[in-house]
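User: Could you walk me through a few spots in this protein? I'm new to reading structures.

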Amino acid sequence: MKKGFCFGLFLVIAAVSIFAETNMLKAFEKSYKEKESAECLDKGLKKMGINILKEIPDENLSIINFILKNTHEINIHRMRGENENEIYVNEDGREAVYDKNGKLVTNSWNKGSFNYASYDKPIDKFNLDIFPWMIWGNAKDDPTTFDERLYYYCMDLDYGIQSYIFLEDKSVLEKISFSDLSDDEKKVYHLFNYLIFNGKYKVQLCEENIQQLQDSADFYWEYFYQIMDLIGFKSN
């Protein structure tokens, strides 16, 4: 990102987090058995102890919306060592992935897929494209696990968070009211509010910390690793 904050590879998938709640990996470990993604998300949020009826501050909603708008599908098409894949998305939703030699990627885990929503509507994007992919993969013969897919998604989420941290003009953030959201939208916002603005974090993503988050890679990673820990990933 703008300060060269590189996402360090986590070498351990921890079954237990430092947090008391059921972590995200544990909550969704059997998600592939679900038939409906909306029902799967609902069950997972309940297992994680997230109160979906609680109102989320408008400021948090605006920040989450911006972060997800900037969480593009990059690393999720570079899984299992294909780090130089390039992704191209047509306006009509068609997607193609090319390897470092310019050849079309056709393997089931990194190949392009059809996009039902755009980044202009990030909650729809998560509900219609990202979350179903997390649950069931890119194809029936996709060998990756939920853990793998979530990990690579977090690599993209990292860039979305950094995009917000380095956003100079915060007035461009879209104003969103919790009362105007549908139930499905509220559930997605609750998931990311839990991960991004968790009250138990030692380092918070707040205006008072923005300058230090910009200036110090160590401070930023102290914040971001809290998210990874809460999800269920833990570094050595």
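This is a predicted model: local features need pLDDT of at least 70, side-chain atom pairs count only at pLDDT 80 or more; totals for chains, interfaces and linings use all residues.

User: How many disulfides does it have?

Analyst: Two cysteine sulfurs have to sit within 2.5 Å to count as a disulfide. The sulfur of Cys 40 has its closest cysteine sulfur in Cys 154, and at 16 Å that's too far for a bond. Cys 154 is in no disulfide either, as its nearest cysteine sulfur is that of Cys 40. So by the 2.5 Å rule, the count is 0.

User: Is Cys 154 buried or exposed?

Analyst: A residue counts as buried when its relative accessible area is under 20%. Cys 154 comes out at 1%, so the word for Cys 154 is buried.

User: Which parts do the buried residues of α2 pack against?

Analyst: Helix α2 covers residues 37-47, and its buried residues include Leu 41, Leu 45 and Cys 40. The buried residues of α2 pack against α1 (24-27), α4 and α6 (183-196).

User: Which backbone nitrogen lies 2.8 Å from a polar atom of the side chain of Asn 107?

Analyst: Start with where Asn 107 is: in the loop between β3 (95-98) and α4 (122-136). Its relative accessible area is 18%, so Asn 107 is buried. A polar atom of its side chain lies 2.8 Å from the backbone nitrogen of Asn 110.

Definitions and conventions
Residues are numbered from 1 along each chain as its sequence is written. Side-chain values use heavy atoms; hydrogens and water are left out. Helices (H or I, at least four residues) and strands (E, at least two) are DSSP runs, numbered from the N terminus. Buried means under 20% relative accessible area, exposed over 50%, partly exposed in between (1.4 Å probe, protein chains only). A polar contact is a pair of N or O atoms within 3.5 Å; within protein, one must be able to donate a hydrogen and the other to accept it, and residues adjacent in sequence count only if both atoms are side-chain atoms. Contact means heavy atoms within 4.5 Å.
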